[in-house]
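Q: I have not seen this structure before. Please show me how to read a few of its features.

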Amino acid sequence: MGPAGTPDPLAFIGDELADLRERHLYRPLRVMSSAQGPVAVMDGREVISLSSNDYLGLSNHPRMKRAAIEAVERYGAGSGAVRTIAGTMTLHETLEAELAAFKHTEAVLTFQSGFTANTGVIPTITGDADLIVSDELNHASIIDGMRLSKAPRKVFKHADPESLRAVLAEAVTAGRDGHDQPYRLILVVTDGVFSMDGDIAPLPAIVEAAEAFGAAVMVDDAHASGVLGKDGRGSVSHFGLEGRVAIQVGTLSKAVGVLGGYVAGSQNLRDILVQRARPFLFSTSHPPAVAAACSEAIKIMVDEPWLIERLWANTRRFKAELTRLGFNTGRSETPITPVMLGDSETTIRFSSRLFEEGVFGTSVIFPTVALDRARIRTIVTAAHTDDHLDRALAAFDCVGRELGVIAG
Ligand code: PMP
């Protein structure tokens, strides 16, 4: 009931929640009372964590903490304004110059998150004279960016350059809907690494297809930043495609260990984003500690190459052992290793049994993935030791047998 006995206008929310619970699709939050790391205290229990995106273990790295503390001492806790008013600090501009040098692009603009980088850049550079062509499994923030654009959009089959070619051929032949004119811009957008399955986009073939039809390519490298390419420069570096991808979006929230996103490309691209990108114009800039720690992370990635080597060594071992135990790890080629379990009820049960065994592996269920493709999504990081991996694998083996997922 609402005030004074009136019916509650928000009562439908309770019904929706009850429905989610009944269908095993309701996910309570687990609460962490330690720093992020390979071992974390979740809901009061110390567990081996396989669920962060802290690929290189930088979120709690001593150099990162020192950089953040020094920035707070010198510049305070907050920036106090949006970038275009009074919130652009030397720390922001320095970080952008360092990122541009790191990515080998003319310029970089940072955003508050990878999510806002996508929702900022896509509607800024596309309008009703343009066409966006998107992989069907692109991240939610790309989808929201497209929704905020006036450009029409078409979807190509996941990681399928032939499907992309067919969409581009049709679009170029037909021209703009209702106009006897070509599109001003055709923007092909793909994730570099797909965050739920861990597969890498076939970027060389995507770039070739785009070039054949005069289209520009945008890659969202959230899960490739710090993971793929020389010193973690991303998928464009990994495939040797520097100079052929017009827009690279990266995140500072995963391997970089802090928070934020960025758009790397030409100086003109940066300049127009500063004038028009709405999250940049209407939301406050990063606090000094965030910008300073991100700068430090870029230096660490170059100075400490063994972190990426360790990340990949751990990844190879973990995947191989899971497969040997009989688990299906899908089509992953990166540290994102999904353990495919099928229905959401088994998956939620699996995750809570793992937790009881001292291992935190989050369940990913509908609507994040299709109803019958529920999974435990794991990421081992550079900070996991052999002992952590042994204990995690023992827990998977035990729970897998108990729930009949692998032969007992
Ligand atoms: N793009 C992709 C492909 C992602 O996986 C994510 C994070 N889940 C984002 C963008 C958003 O990044 P951030 O967490 O920095 O907002």
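Q: Which residues is Q112 in contact with, leaving aside its neighbours within four places in sequence?
A: This is a predicted model. In it, Q112 is in contact with L259, G260, G261, P279, S283, T284 and H286.

Q: Where in the chain is Q112 placed?
A: Q112 sits in the loop between β3 (107–111) and α4 (114–125).

Q: What does the side chain of Q112 reach?
A: The side chain of Q112 reaches the backbone oxygen of T284 at 3.3 Å. A polar atom of that side chain also lies 2.8 Å from the backbone oxygen of S283.

Q: Which residues come nearest to the ligand?
A: There are 14 residues around the ligand, and G114, D220, T251, S253 and K254 come nearest. By type, the shell divides into 2 nonpolar, 9 polar and 3 charged residues.

Q: Which atoms of G114, T251 and S253 lie by an oxygen atom of the ligand?
A: For G114 it is a polar backbone atom, 2.8 Å from a ligand oxygen. For T251 it is an N or O atom in the side chain, at 2.6 Å from an oxygen atom of the ligand. For S253 it is a polar side-chain atom, 2.5 Å from a ligand oxygen. The ligand taken alone exposes 400 Å², of which the protein buries 84%.

Q: How do the side chains point along strand β1?
A: In a regular strand the side chains alternate between the two faces of the sheet. In β1 (residues 39–42), A40 and M42 point to one face and are buried.

Q: How do β1 and β2 run, and how many bridges join them?
A: Strands of a sheet pair through backbone hydrogen bonds, either parallel or antiparallel. Here β1 and β2 (residues 45–49) run antiparallel and are joined by 4 bridges. M42 stands opposite R45 in β2. The hairpin of these strands has 2 residues between them, and D43 takes a positive phi near 50°.

Q: What is the order of the strands in the open sheet?
A: The order is β1-β2-β11, 3 strands with mixed pairing. β1 and β11 (359–360) are the edge strands, each pairing on one side only. β2 and β11 run parallel, joined by 2 bridges, and S49 stands opposite F360 in β11.

Notes:
Residues numbered from 1 in each chain as written. Predicted model: local features only at pLDDT ≥ 70, side-chain atom pairs only at ≥ 80, totals over all residues. Heavy atoms only, no water. Buried < 20%, exposed > 50% of the residue type's maximum accessible area, 1.4 Å probe, protein only. Pairing = 2+ DSSP bridges. Near = heavy atom within 4 Å. Polar contact = N/O pair within 3.5 Å; in protein donor to acceptor, adjacent residues only side chain to side chain. Areas by Shrake-Rupley, 256 points an atom, 1.4 Å probe, with all protein chains shown as cover. Nonpolar A, V, L, I, M, F, W, Y, C, P; charged D, E, K, R; others polar. Contact = heavy atoms within 4.5 Å.
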